[in-house]
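Trainee: Before I use this model, I want to know what stands behind its labels. Can we go through them one by one?

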Amino acid sequence: MNRYVDPYSHDYKMVILVRNDLKMTKGKIAAQVGHAAVNCALCIKKNNPKEFDLWMLSGQAKVVLKVSSEEELFEFKAIADAKDITNSVVRDAGRTQLEPGTYTCLGIGPAESLVLDKITGGLKML
């Protein structure tokens, strides 16, 4: 059954968690956040095109928050996995500031904002 869904009746966003302990430069952070956003967008477009379309129609919101460690990053990944929310961990190639394979950030979503706020609402903006 094809039912019209008003894209403005839902608020969607993507959240990207960045490791604050790595002390990356602004440019490095921007690149890593970009990797996470692209990975998540491509994944949800393939696996759940309806959610992707709703996120696109609602403005493709992205929020960047900070976590204090690799351990905390993976705690949030485990929560996203348990709730079956699209997510992507980014590992650095090690060509500039970081050692190869360093986990830098985690993209979560896109998903409904209320769902993501229950998971990441206690974190601070980067």
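Mentor: Start with axes: lines fitted to C-alpha atoms, for helices over the stretch in contact, with angles from 0 to 180 degrees between N-to-C directions. Helices (H or I, at least four residues) and strands (E, at least two) are DSSP runs, numbered from the N terminus. This is a predicted model: local features need pLDDT of at least 70, side-chain atom pairs pLDDT 80 or more, while totals for chains, interfaces and linings use all residues. Residues count from 1 along each chain as its sequence is written, and side-chain values use heavy atoms, without hydrogens and water.

Trainee: What makes helix 1 oblique to helix 2?

Mentor: The axes of helix 1 (residues 26–47) and helix 2 (residues 49–57) cross at roughly 130° and come within 5 Å. Under 35 degrees is roughly parallel, over 145 roughly antiparallel, 65 to 115 roughly perpendicular, and the rest oblique. Therefore helix 1 is oblique to helix 2.

Trainee: Which residues of helix 1 and helix 2 meet?

Mentor: Contact means heavy atoms within 4.5 Å. A41, I44, K45, K46 and N47 of helix 1 meet P49, E51, F52 and W55 of helix 2.

Trainee: Why are strand 2 and strand 3 edge strands?

Mentor: Two strands pair if DSSP finds at least two bridges between them. The open, mixed sheet has four strands in the order 2-1-4-3. Strand 2 (61–67) and strand 3 (87–91) each have a single partner strand, so one side of each lacks a neighbour in the sheet.

Trainee: How do you know that strand 1 pairs with strand 2?

Mentor: Seven bridges join strand 1 (residues 12–19) to strand 2, and the two run parallel.
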